[in-house]
Amino acid sequence: MVSSLNDGFVWNSLKAFAELTLNKSTVKIACSLRLVRFMKTPLLKSNLIKLSIVRVGCSAFLVLAAAVLTAASLLSPSTGAAPILRTVPVKTVNIKNNSGKPIYVVLEAAKQDIKDDNGRPHDRWLQAEFNDEIGTYASNYIYRAYVNPHNGIPGGGGSVSVTLPFYTQLQSQLSPSKDDQYIDWWRALRIYVYDDPGAIQHAYNKDTNTENAVPISTFAPGASPVPTSGGALLVVYRDQSGGDNHGVALPLDDPSQLLEFTFAKVNTFGPLEMPDHQFVDYDISSVDQVYLSVAMDPVNNPLIGYIGSVLGQKKFSDTLTAFRDEFNWPKYKWPEYVTNQNNIRLPATYNVMNQIAHPGDLDPTGPAIKNLRAVKKMEELWDGCCGADWPESGHCKHASSSDACNNMAKVAELFEKNYKNYRKLAQGKSCQTPVAPTRDDMMAKVYGWVPFNSCKDGAVNHNLNNELRDTPDIGGAAGYQAISEDYVDLQYHSPPNPKTFGDFNRFTELIHSDAYLHANEYGFSIDDAAGNMLEIGDGINITVGGAEGLDNTNPYDPWRFFLFNVGAAKETGPKWTKYRVCTGAELPACADKAPDRDMKGTRVEDVKTKEVSIQYPAIKIGAVPGPFVIVLQDSNGALYKTEVKRLPQPPPTHPLNKVGDPPTAIDNLWNQKKEDGSYTNVKCFDNETSFDWCGGLQAYSATEKTRKGALRTVYHVNTRPPEVSKPGIKFLPGDIEATLVSADRLLVKWPKAVTQPPGNPVKYELTLWDRANCPKDSNLCDGHSHNPNRACNQSQTQCEVTLPRCVPPLTAETLKSISVVAKDLKAPPGTPNAQKEVNFTAPPPKLGAIREDIHEEMDRIQKRLHDIEKQNSDTKQSARKERWLEMRISVLTARLQYPTDEVLKQLEQTVEARQSLGRKAWRSFLDQLNTRIVELQSGH
């Protein structure tokens with residue numbers, strides 16, 4: 001779902017989030033002039049993860065993706081080598097019908113006939129899979145597989161799983177340099193979901209008519225894998241209809257919903273590389289029309305969330321009706337073979353505008369469409385911004401009255417210049433002179449994001465290379481990107497309320513607004529934010545009319561996820577091999593299980609340094625509750641466990657089972673650190689993971705921007721490469737705690753230290769400092785240390801220190817910091833120690849407690865004095881002892897009045913250190929006491 005300009009850009013910019021880099025390719029599709037099936041056209045951007053520009057009609061669309069393995073077939077023999085038995089990768093398409101009536105599913109393999117640099121039609125996917133660039137592996141035909149075509153998949157929870165091999169070998173004697181030797185089931189597959197028995201029977205009868213089609217059993221050798229669907233009937237045919245007998249798409253006006261996917265990521269530039277068999281690329285296309293409540297998510301990847309809609313089918317259809325009534329929107333007229341003529345299917349704006357000049361299967365159609373309220377409002381918006389005579393006037397006026405008008409003027413200029421270039425290219429082909437486009441023609445191009453590229457030379461139709469992104473004089477790729485951003489802005493913000501959906505394109509509001517379908521799927525050509533997904537998975541789950549059957553019943557949320565980026569491995573060291581992601585409350589039980597998903601790397605050589613590394617795609621996590629534990633395994637069998645406490649915040653405040661507006665701020669706590677340098681949100685989960693590796697964990701966020709300013713923030717967790725574990729020691733979480741148990745006694749506690757390997761004996765060394773930030777300030781702390789004198793048991797995690805007995809002596813007021821060093825007594829020489837430190841500030845004195853201590857001390861002295869008097873001793877030694885005790889009482893009496901005075905406290909400690917007093921010493925102490933009392937009484 002998208003509901004703002006930011007949503008509109010999110011996937012285009014977000015594809016740069018460093019999961020991996022995919023390259024572009026195109027796949028031609030057959031069509032007739034009227035039955036044009038408009039395909040999405042994602043924006044170009046220099047940092048896009050998935051560059052996908054799509055021609056419309058008899059043009060092309062781009063889909064990119066990934067794979068996994070199983071099954072069996074042959075390596076290409078085109079190099080002259082004997083065929084080699086090899087494994088054919090397979091993936092699964094799971095289909096669940098939660099609606100109240102049967103559905104009928106058709107899988108369609110596209111033609112693979114895009115021309116390579118030498119002008120040869122080829123299939124780069126199979127070239128890469130077979131590591132063979134000599135063979136073309138081209139396919140000129142469309143193949144369709146009908147799942148249980150007569151009875152369908154029953155409603156109320158019926159399901160079917162289809163196993164799709166990467167390819168099916170068609171000939172026993174292979175010659176891959178020739179065309180049509182294979183069917184590629186993974187590249188650019190379409191899925192049509194029907195719910196009308198009459199319509200599916202009409203399509204099936206046509207596809208199985210031997211005048212138009214050939215059953216796959218005619219071609220495929222027995223050992224070659226073909227799509228299977230368990231107990232359900234699967235009928236596969238080659239479509240040989242159309243003017244070239246190579247097949248055409250299913251009828252545009254059939255009651256079906258279109259889905260698309262590709263199951264292999266292939267490097268389309270440079271040397272051949274083995275396809276990446278991890279990812280699935282999929283989307284629900286409502287670019288042409290919207291009909292069924294369909295949702296999709298990746299198989300065996302519950303960390304993403306679904307795209308599409310999980311509304312019940314009745315509510316979905318009722319919403320289409322409500323929208324049609326509100327905006328007077330046209331609907332499809334059904335062919336006679338459709339059983340249920342009352343079902344509602346709504347066209348996207350491109351098809352609406354196209355049928356003004358080319359009347360067809362809409363109700364209403366032709367010029368009557370211009371009388372509809374929504375279309376009138378759209379025309380009035382263009383009149384006000386570009387002039388009532390545009391495009392006949394040749395140039396849209398550059399209005400400055402509103403952001404919408406400015407954006408419309410820039411979009412209009414793109415299509416004006418594209419048409420100008422089209423005329424130039426057409427003359428080069430000796431085509432008939434093109435007629436200047438009318439407003440209706442131009443609107444169809446604008447709302448389809450379709451270039452002027454069809455040119456007729458007598459009976460020959462040419463497809464001119466006139467892509468919108470290549471239009472001259474628009475500022476190159478950056479200029480095209482900027483105009484594309486303006487166009488997306490218009491889709492989400494236009495009058496009458498520029499803050500939300502408006503008159504520019506009400507169909508976008510139908511797809512994405514929470515007032516209607518609130519679905520995250522394609523609503524217009526370059527609406528990549530809402531619909532297109534590239535995720536790790538073993539296939540795709542498809543549900544109709546509900547969420548049951550999805551791996552994750554929460555919607556994909558473009559605002560709430562993070563990327564776990566594992567460090568690139570060195571070519572000569574350990575590699576990452578597997579991983580597991582654990583979520584929710586049962587983290588320990590899950591994290592103790594073996595990692596269950598393969599981690600596949602790509603060998604990358606630095607062009608400048610020639611250094612080679614093995615790089616891995618990010619693990620994307622969202623749409624599930626935290627905390628999370630990510631368990632990695634390396635090629636040595638070592639495990640690495642990282643805990644991430646939560647998904648990024650601040651809000652979205654909406655719950656995980658909803659998609660809402662983007663946040664208005666970034667999560668500043670995501671990369672917040674503690675005083676010890678560790679992150680508050682990211683840490684290692686256990687004490688077995690390498691301490692050095694744990695110390696390299698990083699949490700950070702990156703704000704993506706467009707020329708209009710900040711777009712969104714993407715959150716990351718980065719790790720170090722896998723490494724060989726070394727001996728080490730670290731403290732468990734926690735801080736040093738220091739408490740004054742009396743005026744001069746300090747209790748210090750600290751966390752336990754653990755070792756690698758575990759169980760080694762540990763020695764703790766406590767140091768007190770009379771300067772803050774020690775020992776962090778290094779040489780500035782020289783001469784400021786105070787060591788407890790035989791006070792600590794060095795195997796314990798606490799120590800009570802009498803401050804005056806430290807070496808040198810210390811007071812609570814002069815104590816400023818504390819440090820503890822932990823040493824592994826069995827560690828090899830050179831193993832770093834662990835250290836903790838904390839600053840200390842003496843708390844304000846508690847006078848009542850101090851006076852209570854003084855009274856207790858006075859009572860003890862009085863008792864000793866009383867004991868001496870009872871002895872009736874008249875010796876000189878007894879007199880010295882009595883003077884000493886009386887002087888102590890005198891000093892303590894003064895301290896009762898002035899309990900915090902440091903001079904009296906020092907005097908008390910000096911007297912206490914004596915064992916007796918002669919007369920001379922007694923007079924000296926008495927003079928000091930009286931002098932200090934006078935000073936205190938006078939305020940000094």
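In the predicted model, C792 is partly exposed, with a relative accessible area of 27%. C799 is buried, at 3% relative accessible area. A disulfide joins C792 to C799, with an S to S distance of 2.1 Å. The torsion about this S-S bond is -85 degrees, and the link is left-handed. C806, in contrast, takes part in no disulfide. The nearest cysteine sulfur to C806 is that of C799, 8.6 Å away. C806 is buried, with a relative accessible area of 3%.

The structure holds 7 disulfides in total. One of them is formed by C431 and C455, whose sulfur atoms are 1.6 Å apart. C431 sits in the loop between α7 and α8 (439-448), while C455 belongs to strand β24 (residues 454-457). The pair therefore ties together parts that are 24 residues apart in sequence. Both partners lie under the 20% limit and so count as buried. The relative accessibility of C431 is 11%. For C455 the relative accessible area is 3%.

A further disulfide is formed by C684 and C694. Their sulfur atoms are 1.9 Å apart. The torsion about the S-S bond is about -100 degrees, so this disulfide is left-handed. It links distant parts of the chain: C684 lies in strand β37 (residues 682-684) and C694 in helix α13 (residues 691-695). The two cysteines are 10 residues apart. C684 has a relative accessibility of 11% and counts as buried. C694 is also buried, with a relative accessible area of 15%.

E392 is exposed, with a relative accessible area of 52%. The limit for this class is 50%, which is why E392 is classed as exposed and not as partly exposed. With neighbours within four places in sequence left aside, E392 is in contact with T438 and R439. T438 is 46 residues from E392 along the chain, yet the C-alpha atoms of the two residues are separated by 6.5 Å.

Methods. Residues numbered from 1 in each chain as written. Predicted model: local features only at pLDDT ≥ 70, side-chain atom pairs only at ≥ 80, totals over all residues. Heavy atoms only, no water. Buried < 20%, exposed > 50% of the residue type's maximum accessible area, 1.4 Å probe, protein only. Contact = heavy atoms within 4.5 Å. Disulfide = S-S within 2.5 Å. Helix = DSSP H or I, 4+ residues; strand = E, 2+ residues; numbered from the N terminus.
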